[in-house]
Structure formats: C-alpha cells, structure tokens
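The sequence and structure come before the discussion.

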Amino acid sequence: MNYDTKAEIDVNGVSKQYEGESGTTTALRDVSLMIASGEFVTVLGPSGCGKTTLLRLVSGLESPTDGDIMVAGEPVQGPNPNRGTVFQAYHLFPWLPVRENVSFGLVEMGVPDTERRDRVQEMLDLVGLSDFADAYPKELSGGMKQRVGLARALAVDPDVLLLDEPFGSVDIQTRQRLQQKLLDIWSDTEKTVLFVTHNIEEAVALSDRIIVLSGTPGRVRATVSVERSRPRDRSAQWFVEQVETLFEQIGPDT
Amino acid sequence: MGALGRQWNLTRLWRGFAGATGFLIVWWLVGREVPSYLLPTPDEVVGALWTELVSGQLFIHLGESLLHYVPGVVIGVVAGSLLGIGMGWSQVIDDVLTPVVRVLRPIPPLAWIVFAIIWLGLGHTGAAFIVFIGAFWITFYNAYEGVGNASRDLMEVAATLGVDSDWRLLWRVVVPDALPEILTGVRTSIGQCWMMVIAAELFGAPGVGYEIITSANNLAMARSIAYMLTISAVFLLSDWAVRRVRSHLLDWQP
C-alpha cells in the first residue's frame, strides 16, 4: 500500500524513565518510529515492554524523558482530542448515559446542540448501539462498552486513533467482531491508527505494519510489513507462518 | 422471587410487628406500675400527641424548629461541599487549610453554643449556627474524600477529549464522580442535625426541643414523649425523602 510519505506520527529517539522508591525504572529506551498518514500500525510486545507507555506518550498523557514526538507536524504537548484514545478498561463515564458519553468531546468543542445530536446519532449507528443510547454503562456488556469507547473517541473526528489493547477484555467472538468493525471504520475514515496489543494474531489480522517491542526496557526489536488484503484469513498458510515468526521474535516470555 | 420471596417478606413483617407489639406491651406494663412523671403509658402519650395535633401546637413548634434547622442544614451542606471540593482538588488550599481544619473539626458543634449565644443570641440564628456547623463538617469530610478518590483514569479520558481547564475537569468529571460521597454527607447531615437542633433548643431556642424540656420541667412527661416522637417522625420522613432523591440522582451506579 502506498501512503503519503509525510509522517503523521513521528517518534524520535524517545526514552521514558520513572523515578520510584526502588530507583529509576526505564520503560522505553531510544524508541523511534514513523507512522504515515492513514496507516494502521500495531505495536506488539509482551506485558511490561512499555507499549502502553509509548501510546500514552503519543497521546500526550505523559511526556518523554528524552526525545520528541511530533503528530501532524506539531510537537505533542499534552492530550488533544485530535488524538482520540481508546482504553483497555473502557473508562466510560459511569454517570452519563451512552449518548452523553459519546457526546462528551463534542460538548468540550462547543459544537451546537442540534449538530451534536446528529453527530452522536451517526456515531451510535456506526457502532450499532442506537438502541442503547439512553442506557448507562453499567447496563452494557464489555464489547458494548468498548464500542461506546470507540464512538466517543471518534465523535470529535480525530485524525489519529490510539488504541491501548482495546479488545483485551472481551471474549474471542466479540473481539473478532470488534476488530472487523475497527477495520471498517478505519477504511471508511482513513484515520491514522496506532494500535497496541500483546496478541500476535490480532496484530497480523489488522495491521499494515507491526512494530515489535521487546522489554525491559522497551526497544524496537523489529518492524514487519503485512502487505496482504483484508479481511485476512486466519487459517491461511502465510498468516500462520507470520504469527509463528513473530512469536519467535518476541521471545519466550509472551 | 415469586411466592417464596413474598412469603419471606411477610414473615419478616410479622416479626417486626411482633417486636413492636411486645415493646408496647412491656412499656404499658411498666408504665402502669410507676407514676406518670417517671414513665407515662403509651395511651397517655397518644393522648398528649392528639392534644398537640388538634390544638396545632405541634405544628407551631415544629415550624420553629424548621426555621433554624433548614437554613442551617442548607448553608452548612453548600459551604461544606464547596470547601471539601476545594481542598480535595487544590493542593495549595489543602496545604493552607489542613492545620486549621485538623484542629477545628473534632470540636463537637454543641461546644460552639457559647459563641452562638454571645454572637447571635439563642434565637433562630444562634440555633441555626449550631446546625450549620454540624452539617458543614459532615458534608465537608465526605466531599473532601469523594474528590480525593475521584478517578484519575476518567480525568485522563476527559483530557484526551478536550477538557483543558481545572474548572471544566471539576464540573464534568471530579464533582460527578464525587457525587455519591457528597450525597452521603448530605444524608448524614440531615439526620445528625436533628440532634443539633434539639440540643440547641434544650439551651433555650424555641422549637420541639424546648417543648421537650419545658414539659419535663412541668412533669408533663407524656407531652415530652409526644414531642420526642415528633422528631422521630420528621427524621424518618426527611431521611426517606433524601434517600429517594439520592437513588434518583445515582441510578447510574452499579
């Protein structure tokens, strides 16, 4: 696939250290990567390799100890709705019905009432939750919650979508449906996607490119392009081989 | 549930009824044996209650009590919530006020009665002041805890959705997240403050408590108990109302 050669996300020599009581922990060391506009890139790695840290740095929720991060040509300084973030634990606002969760960012942007309602409806249709617009998060299943999380991040129409193991807490059937939903949305909207997971199959099924992170501290071990058309058949020869190759690259600690 | 559950509830109702009847019988048996100024019988109390109801005296005195109870509770709850939210949110306010709060908070509201008398006299204003102090500390503490425990994760989500000022964060995340605790404070205040009311009235402020003590001074113990039961009834009614409002506001809670 050919993407705009301009990098939408440019992570340049980034390190992240945490000062703790037991001394300094290095979560990431000298990580560099570039993601083109409209590209779907997965950061794959075992637990504790710093992949969530990397995503939080790109989202602006944390700042790097060293190096810099540019998104759309601008240095990242704090969170911004143009980088929509989806969290593994959903983090829906429990006191708001689905509709108002989705509408949250639009309210902050000052979008007028009627326009906001239309946009929310559009998002709910997109993720198939129109019937649950007035339900509170407590009434939803895990998969439904994550669809709300996705709709909430998408509502403000960000250029970049950051997803932190978004489907890690749902059962396998739901996960595959949500993966397909995400791919549909991605190909319709041409957003740049940075997807974090420890699930190799998921990475191979979704990504244009897979960046393998190894820890600790997290460093880029390999970059793998997956130039196959979607939807991808998970039982195909190439798929199985790709998963095995990546499994070996990540190492035995997965 | 079905028939089994209903039968179970009926059994429990019967037990409660039996307990209440037993209590009344014991009270009546004892009351019959001792002079009325030591313990009037239930029927004497009902008679006194009836007299006060019919003459309208009960409503007049209850109105007097409410005249200091309501403003004291309302102002106390509002001020306590505001200070609790402010201190829970701002490290600076917390640091500045913590020493003062630590010292003042353990002082029982009634100890302030001396100042209430000197500053305001023991009318409605003085009694309202005592009630205010009670409601203030109770709500303060709950709001402070609630804000302190507000979810960091949800604040981060809000930041990724465009919330970029403390005010917006307080309004859209922190206060809604702390609302259950704040409302617990309100409910506790509403109950506890009846104690403050009665205590202040025992010192001479007009109202139900004043009637309890003056009746007792005249050895009209049945009238005292009638007014004691009035407090109980008003407490139960207000607690029920607060519970209703609370569960309505918090129906999003799991």
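How many residues lie between β4(A) and β5(A) in the hairpin that they form? The two strands are separated by 2 residues, and A72(A) in the turn has a positive phi of about 50°.

## Basis of the model

This is a predicted model, in which local features need pLDDT of at least 70 and side-chain atom pairs count only at pLDDT 80 or more, while totals for chains, interfaces and linings use all residues. Residues are numbered from 1 along each chain as its sequence is written, and chains are lettered from A and ligands numbered from 1 in the order in which they are written.

Helices (H or I, at least four residues) and strands (E, at least two) are DSSP runs, numbered from the N terminus.

## The open sheet of chain A

In chain A, 4 strands make up an open sheet with the order β2-β1-β4-β5 and antiparallel pairing; strands count as paired if DSSP finds at least two bridges between them. Because β2 (23–36) and β5 of chain A each have a single partner strand, they stand at the edges, and one side of each is left without a neighbour in the sheet.

β1(A) and β2(A) are joined by 10 bridges, and Q17(A) has T26(A) in β2(A) as its bridge partner. On the pairing of β1 (residues 7–20) with β4 (residues 66–71) in chain A, there are 5 bridges, again antiparallel; here V11(A) is opposite I69(A). Between β4(A) and β5 (residues 74–75) of chain A there are 2 bridges, with V71(A) opposite E74(A).

Helix α1 (residues 51–59) of chain A lies across β1, β2 and β4 of chain A, at about 115° to β1(A). Axes are lines fitted to C-alpha atoms, for helices over the stretch in contact, and angles run from 0 to 180 degrees between N-to-C directions. Contact between two residues requires C-beta atoms, placed from the backbone, within 7 Å.

## Chain B

Chain B has 10 helices and 0 strands. Its radius of gyration is 23 Å, well over the 18 Å that the globule rule gives for 254 residues, so chain B is more spread out than a compact globule. The radius is taken over C-alpha atoms, and the rule is 2.2 Å times the number of residues to the power 0.38. The C-alpha trace of chain B spans about 75 × 60 × 30 Å along its principal axes.

Of the 254 residues in chain B, 36% are buried. A residue is buried if 20 or more other C-beta atoms lie within 10 Å of its own, exposed if 12 or fewer, and partly exposed in between. Among the contacts in chain B with a separation of 6 or more, 74% are between residues 24 or more positions apart.

E44(B) is placed in helix α2 (residues 42–55) of chain B. E44(B) is partly exposed because 19 C-beta neighbours lie inside 10 Å. Its contacts, leaving aside neighbours within four places in sequence, are S36(B) and A222(B). N9(B) is 35 residues from E44(B) along the chain, and their C-alpha atoms are separated by 33 Å.

## Core and interface

The largest nonpolar core has 126 residues, and V58(A), A151(A), L194(A), I130(B) and V131(B) have the most contacts inside it. Such a core is a set of buried Ala, Val, Leu, Ile, Met, Phe, Trp, Tyr and Cys residues joined through C-beta atoms within 7 Å. Helix α6 (residues 124–148) of chain B gives the most to this core, 15 residues. Beyond four places in sequence, the residues that V131(B) touches include H68(B), Y69(B), C193(B) and M196(B).

Between the chains, 18 residues of chain A are in contact with 13 residues of chain B. On the chain A side, the largest share, 4 residues, comes from α2(A). That side divides into 11 nonpolar, 4 polar and 3 charged residues, where Ala, Val, Leu, Ile, Met, Phe, Trp, Tyr, Cys and Pro count as nonpolar, Asp, Glu, Lys and Arg as charged, and the others, Gly among them, as polar.

## Backbone details

Most residues other than glycine have a negative phi, and most peptide bonds are trans. A72(A), not a glycine, has a positive phi and is partly exposed, with 17 other C-beta atoms within 10 Å. L219(B) has a phi near 60° and is found in the loop between α9 (208–217) and α10 (221–249) of chain B.

The peptide bond from R230(A) to P231(A) is cis, with omega near -5°. P231(A) is in the loop between β10 (219–225) and α7 (237–250) of chain A.
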